[in-house]
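Subject: Structure for you to look at

Hello,

Please find the structure below, followed by notes on what was found in it.

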Amino acid sequence: MAPAPGDPHEDERLDEMHERLARVHADAPGLWGWLTTTDHKRIAKRYVVTAMAFFVLAGIDALIMRLQLARPEGGLVGPDAYNQLFTVHGSTMMFLFAVPIMEALGLYFVPLMVGTRNVAFPRLNAFGYWTYLIGGVLLWGAFFLDVGPDAGWFAYVPLSGPAFSPGKRMDVWSQMITFTEIAALVSAVEIIATVMHQKAPGMSIARLPIFVWAMLVTSFMVLFAMSTVATASIFLAMDRLIGTHFFNVAEGGDPILWQHLFWFFGHPEVYIIFLPATGIVSSVLPAFTRRPVFGYPAIVVSTIATGVIGYTVWVHHMFNIGLPVLAGSFFTAASLLVAVPTAVQIFCWIATIWTGRPRLTTTMLFVGGFFVTFIIGGLTGVQIASMAFDAQVHDTFFIVAHFHYVLIGGAVFPLFAGFYYWFPKWTGRHLGEGLGTLHFWLFFIGMQVTFFPMHQLGLDGMPRRVYTYVDGLGWNGLNLLATVGAFTFAAAVLVFLANVAWSLRHGARADADPWVADTLEWATSSPPPAYNFAHIPVVRGRSALWDRTPNDPIVVGLSTKRREVLLTTLLDAEPDSRHEHPWPSIHPLLAALAVGVLFVGAIFHPAAVLVGGALFCAAAFGWGWPRKKSEIHAIEHALEHGHAHHPPAAPSRRTA
Amino acid sequence: MIQRLPQSALDPAGPAAERIAALWDFAFWTAAVVYVVVIAALLYAAFHRKRPAAVPVVDRDPRTERRLLVAVSGATAATVVILLVFFVVDLGVTGAVANPAAMHEHSTVSRARHEAPAGALRVKVTGYQWWWKIEYLDSVPSRRVTTANELVVPVGRPVAIDFESGDVIHSFWVPALHGKRDLVPGRTTRLTIEAARPGVYRGECAEFCGHQHAKMALHVVAQPADEFAVWYEAQLAPASVPADSLRRAGMHVFLGKPCAMCHNIAGLPASGQVAPDLTHLASRRTIAAGILPNTKGHLAGWILDPQRIKPGAKMPPNGLSPDELEAILAFLGGLR
Amino acid sequence: MMRSRLGSLVRGGRGAPLVAVLALAALAACEREHRDFATAAPGGSAESIVRTSALQAGPPTPDLDARLYTENRWAVSEGQRLYSWYNCAGCHSPGGGGGMGPPHTDDLWVYGSAPENIYQSIVQGRPHGMPAYTGRLSSSDVWKLVAYVRSLGGLTPFDTWSPRAEMMEEGVVDTRGTGPAMADSSLIPPEQRAPGQP
C-alpha cells in the first residue's frame, strides 16, 4: 500500500496505468469479443436485458390470460392454450426473470461494491449466462411451436408425468429447469467466492454492504435450493424419458415426494428473489435519506435468519394433502416465525427514513410502493400460515393475489428502484424522472387494481388455473376490474421501456457518483472501465465512501500485464495474495452449447447424454488447456509496447 | 353481503366453514390494524419534516439512535406477540376443524389422526379427469349407492368422506362447508363435512388437474334427514326396461351406441365403469360435472358434442340422428 | 481456428440448409404435438367408413387423413387410455404383449398393419375371438386405438411412442422393438410368416 497520489507526476502515472489496464482488460472487438467476453459487467447487463425480455414476454402471456378471464365463458383461448400460457408465464417469471435478474444485479454490483476487478471465476460466469439463455430459448421456442409445457409452474406429478402429459411439453419444462438451475448455481458460486476472498482490504465481514450480505445469503440459499429442484427435475425427466419410477404410484413411487422436493426448493425460491430486493432497499435508502441504514447488525442477522428459517416452511404449500395437525402446526409456527426478521428489516428502514432526510426521487417512489404493496403480501402470508384458513384459500385467487403482492411488491418494486438508482452507473446517463414518475404511478395503480380484487375472488371461491368460469358465481365484476388493472400495469412497463430507450440517448449525463452515495461502485467512473478500479481502494468503515479520508491508502503492486486481482482473507479482508484471472475464451460458450446438446437432445434420445457429455468434456479440456510460456511472453511484450492485445481463443495458464 | 354467492368461503353453512370464516375475520382485522399502523408510521417518517435541510450526511445523535433502537425493539416485540396470539387462535381453529368430534364440543384439543365421529354418514369420493365419483358406503353391499358430481347429504349429520384419485391429483373443495382436501393417487385422504342448513352448495376442483380443471365442479345438496332417507331409498332402485316405446327405443340406442362402453346403468346391460353412473341421471340437478343444468336441451348438446362444451373431456362426440337423439333423451329423462 | 470456421459457415451460406432442416423438424414437431379436441372423425360412431382399397362401390367416402391420429402424440396417449378403458388389455394383455389375443408388440399383423387395416380389424372384428365394435366405439376413439397399438409395434415414429402406463397396470414390460419373438405364429398366415418360422 502506498499513499494516495497527489502531485502531477502521480496523475500522469495514473493515466498511464489506466491505459495499460484498459489494454489488458480489453475484449476483442466485434462479435468475437461479444462471444468470448468474461467481463462481469457485460455478462450481467446481458442477464438484465435477457431477463427483462422474458419479463415482457411473460407479461404478454398474463395479458392474454386476463383478457380470457375478463368475462365468464370467454372464448379467446381454449383450455389447451390457456394451460400453456399460465405455465409458461409462471415458469418464466420465476426461473427466467426473477431469479436471474437478481443474480445479475449481484454479478454486476458485488465485485464493484467489494472493490475488485471481476468475479472470482470469470469464464464460469460466461458459461452460466449461456446455459441460462439456452434454457430460456428452449422454453419459449417450444411455446411458440405449441409445445409449451402445460402442467403449471410447479408441475405436480402425476399430471406432469409420462401418462398424463404425453409429448415433449413437460420434457421441455424439466430441461429448462435444469438449465436455469445450472446458471443460478454458477452465479451463486461466483458471488460466494468473490465475497469471501476478493473484498478490498479493510472491508471486513462486519463492513460488507448490506446488498452484498443479501446476495451472499441468497447465494448460499441457491446452493441448497437449486440442487434440490435440479434433482427433482432430473427425476421427472428420467421418469418421463427412460422409464424410472420415482413418482409412479403403481411401482411404489410417490407423487408427494415431488411436492416435498419441489417446495423444499420452491419456498426458499421466494426468499432467493426477495432477499436481494431487501438488499436493494438497503442500498438506495442511504443515498436518498443521507444516513446509513439504521440497525446494520439487525438487518444482517435478519437476512441470515430469513435464509435459515426459509428452509423450514415448505410444507405450508402442502397443507391440504391431509397432514396430522401436530405436524402441520410445526410448519405453521415456522411460517409465522419467518415474518419476524422481515418485520425487523421493515422497522429498521422506517427508522432510517424517520431520522434521515428523505428525498422523493423516482427511486424512492418505488421504495414507497414496495412498502405499501409488500406489507399486504406479508400480512396475507401470515394469514395463510394457518392450516385452517389455508384450507379455504389454498389454490385460489387469494393465493394468486398473495404471491403477486409478495413478488411484485417485494421484488419488482425494489428492482425498479434499483434500475432508477443504478442506471447512471450502467450507462453514464440518468433515467428520465418525469417518465419515471408516470411509470411509478401507472405501475402502482395497475398493481393494486389487478391484484387486490383477487383476494376477494379467492374468498368467493374462484380456484386458480381455471381457463374460464361459468356465469352466476359473482366473479364477473372483479375479474373485469382485474383485467383493466392488468392493462394499466402493461402500460406502465411500456412507459418504462420508452424511458430506457429515450434516456440511453438523451438522458442527463451522470458523473461517477451522482447520488453522493456510500458504496464503492460509485468510486469509479460511470460506466465503469473494464477493470473497475485503477487502484483497489482501502475501506475504512461500513459506508465506504462516506468514511473515506483524504489520505486513505490505496493498493498498488497488482500487475498491469496480466489480469490480476487481490485476494484477501475471509473475515478481516487482510491482503493475502495476488491471483491471476484468465483471458477471455470461447470455450464457456462451447461448453454451454454442449450442455445444450446434452439436455435438449435427451428429450429426443437418451444417447444425446453421451454425445453431449463427450462434447462437454472436449470443451472443458479447451477451457482448461494451459498456454505456452513463449505465448505468454509475446502477449506481455505486446502489452508493454502499447498494442491492445486481443488474446486468441486459446485458454490462459490459469483457468476459472 | 348483499348477494349470496354459491361458492363463497365467507358465506358458511357448516360448523367447520363457520369457524374458519370467524378466523378470517380475526385475521383480517388484525392485519388491517397492523397495516394501517405501519403505513402511518412510514408516511410520518417520510413527511414529518416540512423542509428538510440538505445535508451531505446526517449527523447521527446517539440519543436518537438509542430511542430508535427501543422503538424498533418494541415494534418487533409487538410483532412477536401478535404472531403468538394468532398462532394460538389458529391452533384452536385448526385443531377443531380437523377433528369433527372436537368441533361439536368446541374443544381446542386436537388429536393427530382424523377419526370419523360416531353416526357419521360414510362416503367415498374418487376424482377423475374431470368428474367426481361418489359412493355411499354401507356395510351391506346392496345398500351402497353410486352417483356422480352431486353429493346429497342430510342436514346436521357429519359426513365422513374418504378421498381417492383415479388419475392425477385433484382437490375437493366446497367453500361453504369446509376447506379443501387433496385427492392423491395411491393414498386415501379424509375429511368430515357437515351442513348446518339445507341448501345447494357449489364446489370445484381446486388442484390443477389438466384441460378441464376449470369445469370440474360438484354440488353438495343438503336435505333434512327424512328427505335424504327418501332420496337414498330411491337411489337404491335399479333401472328397468321402460314400458313406453320411445324410451325403449332410446334404451336400445344407448346400449347399441358407444354410450354403454363407458357408462353404467344398474339393472340394464350397461356396465361401463370409467364414466359417471347414469342409473339416476334424471334426479341430478346438473350434467357435465356441475357445469350445465340438467335440461333436455343441454343434455342434447352435451351428447352430440361434449368437446364443444368441455374441450379435452374424455367423452367423444356422438353422431346421432335426430330420431335417435329424441329417443335417447326420452330414455335418459326417465332415469329418475 | 474456430472463429474462421464459424465465419465461413455463416458467410458461405452453408448454414441455410441446416436452418431449413431445423425449421422442418420444428414444423413436424408441431403436427406431432398438436392437440385437436374438436375434430370428430366423420360419422360419429364407427362404421366401416374407412377405405382400404382404391375400388369402392357406391359414392366415394371421404378419405380421412389417418396420420392426424397415427402420428400424433396426444392421440397415441389417448389410445393408451382407451386400451385400458375398453379392456383391450383383457385379451391382448396390458402393454400389448399378447395373451388370449395376439400381441401388438411387433410388426407382424395377421390382417395387415396399415392404419386402415387395423381400423377394420377393430370395427369388423376378426375370427378366433376378436369382437366387432361396429357402432360401439366412436370413430375418433378407434383411430386413437389404432394409433396406440401401432406405436406398440414400433410402427409409428419413435417420438410418438407412448410411455409406460403409469398408474394403470403394474409390472408392464416394455417390449417395443424386441422383434417377433413373442408373436403367436400359429395366428399368422403361412405366407406372412418370417422365413424359418413354423
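The radius of gyration is taken here over C-alpha atoms, and the globule rule is 2.2 Å times the number of residues to the power 0.38. The model is a predicted one.

Chain A

For the 656 residues of chain A, that rule puts the radius of gyration of a compact globule near 26 Å; chain A has 25 Å, so the two agree. Along the principal axes, the C-alpha atoms of chain A fill a box of roughly 85 × 60 × 50 Å. Chain A holds 19 helices and two strands. Of its 656 residues, 63% are buried.

The contact between chains A and B

Chain A puts 71 residues into this contact and chain B puts in 75 residues. On the chain A side, at least two residues each come from α4 (79-113), α8 (255-289), α10 (325-337), α11 (339-355), α12 (362-383) and α13 (387-393). The largest share is that of α11(A), with 12 residues. By residue class, the side of chain A that touches chain B has 46 nonpolar, 18 polar and seven charged residues.

A sheet in chain B

Chain B has an open sheet of three strands in the order β4-β10-β9, with mixed pairing. Its edge strands are β4 (150-154) and β9 (199-204) of chain B, each of which pairs on one side only. Ignoring direction, neighbouring strands of the sheet are turned by 20° against each other on average. The pairing of β4(B) with strand β10 (residues 217-223) of chain B is parallel and runs over five bridges. Within β10(B), B:A222 is the bridge partner of B:V153. Helix α4 (residues 225-236) of chain B packs on this sheet and touches β4 and β10 of chain B. The direction of this helix makes about 135° with that of β4(B).

Chain C

Chain C has seven helices and zero strands, giving the pattern α-α-α-α-α-α-α along the sequence. Buried residues account for 38% of its 198 residues. Of the contacts in chain C between residues at least 6 apart in sequence, 69% join residues at least 24 apart.

Regards

Technical notes: Residues numbered from 1 in each chain as written. Chains lettered and ligands numbered in written order. Predicted model: local features only at pLDDT ≥ 70, side-chain atom pairs only at ≥ 80, totals over all residues. Helix = DSSP H or I, 4+ residues; strand = E, 2+ residues; numbered from the N terminus. Buried ≥ 20, exposed ≤ 12 C-beta atoms within 10 Å, placed from the backbone. Contact = placed C-beta atoms within 7 Å. Nonpolar A, V, L, I, M, F, W, Y, C, P; charged D, E, K, R; others polar. Pairing = 2+ DSSP bridges. Axes fitted to C-alpha atoms, helices over the stretch in contact; angles between N-to-C directions.
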